[in-house]
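Colleague: I'd like to learn how to read a model like this one, feature by feature. Could you walk me through it?

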Amino acid sequence: MAQVEVPSTNGSGKSVETRLFINGEFQPSSDGKTFSLIDPFTQNSVAEVSQATEEDTNNAVAAAKAAFPAWRDRSPADRGACLHKLAALIRENNEEFARLEALSTGRPVSRYFDATVSADTFSYFAEAGWTVQGTSSLNTPGHLNMTVKQPYGVVACIIPWNVPMAFFAFKVAPALAAGNTVVLKSSEKAPLTSALAATLIAEAGFPPGVINILSGFGTPAGSTLASHMDVRCLSFTGSSFTGQRIQAAAAASNMKIVHMELGGKSPALIFEDADLENAAQATQFSIQCLSGQTCMANSRIYVQESVADEFLALFKEKFGSAVLGNPLESGTTHGPQVDGLQYERVKSYITIGEQDGKLSMGGDAGNGYFVKPTVFEGVPEDSRIVKEEVFGPVVVINTFKTEEEAIKKANASEFGLYASVFTKDLDRAVRTSKLLEAGTVGVNTTSPNVAKDMPFGGYKMSGVGREGFMHSLDNFLETKTILIKMSS
């Protein structure tokens, strides 16, 4: 059995299976290959994880396809019982999930919330299956017509390395509640929480094949799922570049339904009448949270000229209070970048920022993969550090004179995931909320704040479709019309 010992601050640990989970069984990859998972804090290997091949991926899809009819035909209550059990097991293992994420991605245990979000999501969708309803009509003479909603069959879920257990639940829970079976691919940068979830899935009593979990790389596992003829629906969260490739593969294969939550370059507008203390606290947390490695971080801040100096002073004071250190220690609030590749990527953008604008705070910590909370000012709007997603604790703060100028700058992006407005003027809040090109607009609040019962997704290159308690179920259901001619 391939396992990894999970260290903790008190020296205890828990063995976690690191093989593939296919048809209810843990198994090595078909070619026996594994990949090393590197702790970004110590830069030591913490696990050898099975690397799914095309054959493994095909086997997982076949297992899901075989399990689909029986799972589809279960009542919502029977399916929900398994989801409720899984939710309870996730809650019981919250500390273990936090430790695994610290080892995999450098996420501080003090900032870990994924397991709670995941458990809440499974609990909600355990009951939501009853809301799958159609319509009926007598408007066609001589007919009773109706619609019904039915599951697609095999659903593929591809999740990112940041906040992986939350995304695990956002996709898997509604797909299962709708009656689909699932093949999930975790990120090669964060496979351990999904691996622990696989162990809990087996314990929760799901029938073999209903949920299959693969670890490995985009090629071949992810690309095989995107082009697989037996996968009828695919849900993806990750980069816009990868999303484009998935959408092209889906179209070229069987026109499978694809919904995606992609990148962002989220702006926050700070007007002169805003509560600057609140605005500074909220916006600095947005970009510092997860060491800036979140798609909806407000990495662009536009502040009205008349209050720019006051806001900047407050922002830097709060932003600079982050505690860099060992992610497994409770006092740490800021971990390293997830790996060397991401660290070098962030450093390359810092170099661009230094060339194009003024580095007024932070930069490379010069200590492993750590990047300090970093502020650039006076950067031209056409600079790559303004236009492109950095995915690090790096923010550009520029100024504006008028509301029209602020809106124009905020919308000058191919991304449109989240935007924020800080003002006490209700009319301005409504006007700007209407004009900002983003799937979510926060007024006197910013990311990562979202509402569970509201749709979440992006405009433009930030995504296709919406997720949320009241919306995700429909992502995994087909609508069928049935025409019944009555005898005269």
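Colleague: How many bridges join strand β16 to strand β17, and in which sense do the two run?

Modeller: A word on the model before that. This is a predicted model, where local features need pLDDT of at least 70 and side-chain atom pairs count only at pLDDT 80 or more, while totals for chains, interfaces and linings use all residues. Residues are numbered from 1 along each chain as its sequence is written, and side-chain values use heavy atoms, with hydrogens and water left out. Strands (E, at least two residues) and helices (H or I, at least four) are DSSP runs, numbered from the N terminus, and two strands pair if DSSP finds at least two bridges between them. Here, β16 (residues 358–364) and β17 (residues 371–377) run antiparallel, joined by 5 bridges. K358 has E377 of β17 standing opposite. The two strands form a hairpin with 6 residues between them, and G366 in the turn has a positive phi of about 65°.

Colleague: Which residue does E377 meet in a salt bridge?

Modeller: Side chains of opposite charge can pair when their charged atoms come close. The cut-off is a side-chain nitrogen of Lys or Arg within 4 Å of a carboxyl oxygen of Asp or Glu. E377 meets K316 at 2.9 Å, N to O. Since K316 is in helix α10 (residues 308–319) and E377 in β17, the pair ties together parts that are 61 residues apart in sequence. For burial, under 20% relative accessible area is buried, over 50% exposed, and in between partly exposed (1.4 Å probe, protein chains only). E377 is buried at 16%, whereas K316 is partly exposed at 24%.

Colleague: How many salt bridges does the structure hold?

Modeller: There are 21 salt bridges. One of them brings E467 and K171 together at 3.1 Å, N to O. E467 lies in the loop between β23 (463–464) and α15 (472–475) and K171 in helix α5, 296 residues apart. Both partners are buried. Another joins R431 to E403 at 2.8 Å, N to O.

Colleague: Now rings. Which kind of aromatic pair do F35 and F217 form?

Modeller: A pair of aromatic rings is described by the distance of the centres and the angle of the planes. Rings of Phe, Tyr and Trp (its six-membered ring) pair if their centres lie within 6.5 Å; planes under 30 degrees apart are stacked, over 60 edge-to-face, and the rest tilted. By this rule the count comes to 14 aromatic pairs. F35 and F217 are edge-to-face, 5.2 Å centre to centre with 65° between the planes. F35 sits in strand β5 (residues 34–38) and F217 in the loop between β11 (211–214) and α7 (218–227), so the pair ties together parts 182 residues apart in sequence. F35 is buried at 7%, and F217 is partly exposed at 28%.

Colleague: What about the nonpolar core: how many residues has the largest one?

Modeller: A nonpolar core is a set of buried Ala, Val, Leu, Ile, Met, Phe, Trp, Tyr and Cys residues joined through side-chain atoms within 4.5 Å. The largest has 61 residues, and those with the most contacts inside it include L83, F122 and F206. Helix α5 (residues 164–177) gives the most to this core, with 10 residues. Apart from it lies another core, of 25 residues, among them Y343 and V421.
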